[in-house]
Amino acid sequence: MNSGPSLLSPFPQAQILPISVPVGTVVPYAGPVSRRQRLAQQGWLVCDGSEVCKTRWRELYELIQDTYGEPNSAANFVLPDYRGAFLRGVSGDRNPALDPAASQRTASGSGGTGTGNAVGSFQTAQFQEHEHQYTPSTAVSGFQAGGVNAVISTTQATTTAVVCEQGSADSTACYGPETRPVNVYVNYLIKGVDHQLRLAIPMDVPRLDPRGGLLR
């Protein structure tokens, strides 16, 4: 009897593997968020600080509680709001810490419980303290003009700092209202419910083992 693929059963020996994305997983999303209902049907919510129903999104609420803010309604909870923000890993017990101000972090939303060295806490922009060498101008001669002492300086004041002067040729690129790296906009989504997917993998298709060899 022929056990090969057929029109009715292309993969007769397919292996069914469950795939589960943990509730609370956050992913960058390159599409628009205007079709929120479609995203919600797939188990995803937009990280924009909205309030959503505790009952409908019970699994997510049990995970984050009121970390991101106090809701206006007792029936709801607040989603994280990542609009315009960069995400940063929790400092935890890392030593030496990469975030020396972890204990000073505040709640990301009004009434939120996520503060300090914990998920959901918020931190404003900041410059690290630093200094520059500065060489003052040098006066080499003096005289009086109308009874007022005056000096002539022949050495201009200098500094080691790289200066981007407003109005210069390169000021458009480096002069502005914020400090930022090169970046691209995305929308952030958070998984709100555990929808298990099942993936059929044909048994007769070669697969790689952990060492890079082929399995049949």
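## Close-ups of a predicted model

**View 1. Strands E3 and E12 sit side by side.** Strand E12 (residues 187–191) is joined to E3 by 3 bridges, and the two run antiparallel. A strand here is a DSSP run of E with at least two residues, a helix is a run of H or I with at least four residues, and both are numbered from the N terminus. Two strands count as paired if DSSP finds at least two bridges between them. Look for Trp44: standing opposite is Lys191 in E12.

Before the next view, a quick word on the model. It is predicted, so to speak of local features takes a pLDDT of at least 70 and side-chain atom pairs count only at pLDDT 80 or more, while totals for chains, interfaces and linings use all residues. Residues are numbered from 1 along each chain as its sequence is written, and side-chain values use heavy atoms, with hydrogens and water left out.

**View 2. E2, E12 and E3 make an open sheet.** The 3 strands come in the order E2-E12-E3, with antiparallel pairing. Which strands are at the edges? Strand E2 (26–29) and strand E3 (44–46) are, as each pairs on one side only. On average, neighbouring strands of this sheet are turned by 40° against each other, direction ignored. For that angle, axes are lines fitted to C-alpha atoms (for helices, over the stretch in contact), and angles run from 0 to 180 degrees between N-to-C directions.

**View 3. Thr67 and Val119 meet from two loops.** Thr67 lies in the loop between helix H2 (58–64) and strand E5 (76–78), whereas Val119 is in the loop between strand E6 (106–107) and strand E7 (121–122). They are 52 residues apart along the chain, yet 8.0 Å separates their C-alpha atoms. Is each one buried or exposed? Thr67 counts as buried because its relative accessibility is 14%, and Val119 counts as exposed because its value is 54%. (Buried means under 20% relative accessible area, exposed over 50%, and partly exposed in between, using a 1.4 Å probe and protein chains only.) Leaving out residues up to four places away in sequence, Val119 touches Thr67, Tyr68, Val90 and Gly114; contact means heavy atoms within 4.5 Å.

View 4. Asp99 counts as buried because its relative accessibility is 8%. Not counting residues up to four places away in sequence, Asp99 touches Arg88, Ser91, Arg105 and Gln123.
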